[in-house]
Amino acid sequence: MTSMAIDQIAKSYKGNPPVQALQHISLDVGKGELFGLIGPDGAGKTTLFRILTTLLLADEGSASVEGHDVVKDYRKIRRIVGYMPGRFSLYQDLTVKENLSFFATIFDTTIAENYDLIRDIYIQLEPFQDRRAGALSGGMKQKLALCCALVHRPHVLFLDEPTTGVDVVSRKEFWEMLHRLKSEGITIFVSTPYMDEASMCDRIALI
């Protein structure tokens, strides 16, 4: 079964000359697949992720996530996806626990309700649950962002360059976490500039 269908998606940004971010991209991602989008900085990976998570409109083409059109059904898509942007975007002045509780509340759930899904990640954060997010190390910020993206048990998880700027040990731990999440039936779409991470995906696309 197909989890995501992307058909001839194109996007450009205004400028002199205009910048072509995506040039008619087409690909399918299977349900429960760990799919890697590989490419250098500036290749359009983030633009594609923003289109698929309904944060940006494409100029041309169409796309669907779990059978929902990214334009017509954007409200439905936002309820069933988790998105971890490339830049840490949680509330720096809130504590670890406050950030996680906030995102759970947005999706009308609780930390306890889906604790089994985030347990392996959250137990590493628990000693720091009263620490402000802005004071966490890079690896711990990454784990908190992943927890917040998972707290509502999404069907599809989008991870935009999640290991960029993170030490080698944390990178290894992160990919181990992704494989555990895949075993839960979650479709994972991850972008990375690192070619060595391509071998850890079920399939990849170069962009």
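## Ground rules

Two strands count as paired if DSSP finds at least two bridges between them. Strands (E, at least two residues) and helices (H or I, at least four) are DSSP runs, numbered from the N terminus.

What you're looking at is a predicted model, where local features need pLDDT of at least 70, side-chain atom pairs count only at pLDDT 80 or more, and totals for chains, interfaces and linings use all residues. Residues are numbered from 1 along each chain as its sequence is written, and side-chain values use heavy atoms, with hydrogens and water left out.

## The whole chain

The protein chain holds six helices and nine strands. Its radius of gyration (taken over C-alpha atoms) is 17 Å, close to the 17 Å from the globule rule for 207 residues, so the chain is as compact as a globular protein of that length. That rule is 2.2 Å times the number of residues to the power 0.38. The C-alpha trace spans about 50 × 35 × 35 Å along its principal axes.

Of the 207 residues, 47% are buried, meaning under 20% relative accessible area with a 1.4 Å probe, protein chains only (exposed is over 50%, partly exposed in between). Now for contacts, meaning heavy atoms within 4.5 Å: among those in the protein chain with a separation of 6 or more, 71% come from residues 24 or more positions apart.

## Strand 3 and its partners

Strand 3 (residues 34–38) pairs with strand 9 (residues 203–206) in the parallel sense, over four bridges. Here Phe35 sits opposite Arg203 of strand 9. Strand 3 also runs parallel to strand 8 (residues 187–192), joined to it by five bridges; Leu37 has Ser191 as its bridge partner there.

Strand 3 is mostly covered, with five of its five residues buried. In a regular strand, side chains alternate between the two faces of the sheet. Here, Leu34, Gly36 and Ile38 point one way, while Phe35 and Leu37 point the other way, and all are buried.

Elsewhere, four strands make an open sheet in the order 2-1-4-5, with antiparallel pairing. Its edges are strand 2 (19–30) and strand 5 (68–69), each pairing on one side only. Helix 1 (residues 45–52) packs on this sheet and touches strand 1, strand 2 and strand 4 (60–65). The helix direction makes about 120 degrees with that of strand 1, where axes are lines fitted to C-alpha atoms (for helices, over the stretch in contact) and angles run from 0 to 180 degrees between N-to-C directions.

Strand 1 (residues 2–13) and strand 2 run antiparallel and are joined by eight bridges. Ile6, for one, has Leu27 in strand 2 as its bridge partner.
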